[in-house]
Amino acid sequence: MGRPGQRRDLDLVLAVWGGASEIYRNDGPSGFHPADAGQFGDRINFGSSISEADFDRDGDLDLYLTQWPVNEAGGMPNELYRNEGAAGHWLVVELEGRTSNRSGIGATIEVTADVDGSSRRQVRVVTSRTSWRAAGPLARHFGLGTAERVDEIRVSWPSGRVDTLRGPIAVDRRLTLVEGEARPR
């Protein structure tokens, strides 16, 4: 979703049990607007929960919509919507806690990068759930658009410790940050 150089904010996906699921594009100051479902296939199915992850490891987030109940008597199947429209740079950050829990659940990750000539900060919280009956990866995905490097990554751990990694940090990759170490592994 999006074209190089185009400002992108986090979009919103709603899995609606008993109704058609919905996707809204975040157009920044003008708010959320219904997205063209054609980008995700012919239709967005009914769903009970949804997860996002880079299933095909191409740097953009794909959606997995689950149905409940799934049955042979007409229940709809779970469905993977591959994101084929995204362009731009990205970074995936995974955490490894030492004093905090090993998975980094509860940590806040802030990534700062220069996008189209202005400094932009994105914030993600590491959670173990994405919606009812759904979980996504613990690694957090940051879409960076035109940013060719990251200037800073700041992690606020559940233990109260704050680790800061200053750039330049290469983009279009996955990295692991260990609590107490100010360098990627």
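This is a predicted model: local features need pLDDT of at least 70, side-chain atom pairs count only at pLDDT 80 or more; totals for chains, interfaces and linings use all residues.

Mentor: A search of the whole structure turns up two cavities of 30 Å³ or more.

Trainee: What volume does the largest cavity have?
Mentor: About 50 Å³.

Trainee: Which elements give two or more residues to its lining?
Mentor: Strand 11 (150–156), strand 12 and strand 13 (173–178). Strand 12 provides the largest share, three residues.

Trainee: And which residues line the largest cavity?
Mentor: Among them are Ile153, Val155, Trp157, Asp163, Thr164 and Leu165. Leu177, Val178, Glu181, Ala182 and Arg183 are in the lining too.

Trainee: How many of those are nonpolar, polar or charged?
Mentor: Seven are nonpolar, one is polar and three are charged.

Trainee: Let's switch to Thr164. Where is the place of Thr164?
Mentor: In strand 12, which covers residues 162–169.

Trainee: What does Thr164 touch, leaving out residues up to four places away in sequence?
Mentor: Glu152, Ile153, Arg154 and Ala182.

Trainee: Why is Thr164 called partly exposed?
Mentor: Because its relative accessible area is 22%, and buried means under 20%, exposed over 50%.

Trainee: One more. How many Å separate the C-alpha atoms of Thr164 and Gly180?
Mentor: They are 9.5 Å apart. Along the chain, Thr164 and Gly180 are 16 residues apart.

Technical notes:
Residues are numbered from 1 along each chain as its sequence is written. Side-chain values use heavy atoms; hydrogens and water are left out. Helices (H or I, at least four residues) and strands (E, at least two) are DSSP runs, numbered from the N terminus. Buried means under 20% relative accessible area, exposed over 50%, partly exposed in between (1.4 Å probe, protein chains only). Contact means heavy atoms within 4.5 Å. On a 1 Å grid over the protein atoms alone, a cavity is a set of points where a 1.4 Å probe fits but cannot get out, and a pocket is an open set with protein on both sides within 12 Å along at least five of seven lines; lining residues have an atom within 4 Å of a point. Grid points are joined across faces, edges and corners, and a volume is the space filled by probe spheres set on the points. Ala, Val, Leu, Ile, Met, Phe, Trp, Tyr, Cys and Pro count as nonpolar, Asp, Glu, Lys and Arg as charged, and the others, Gly among them, as polar.
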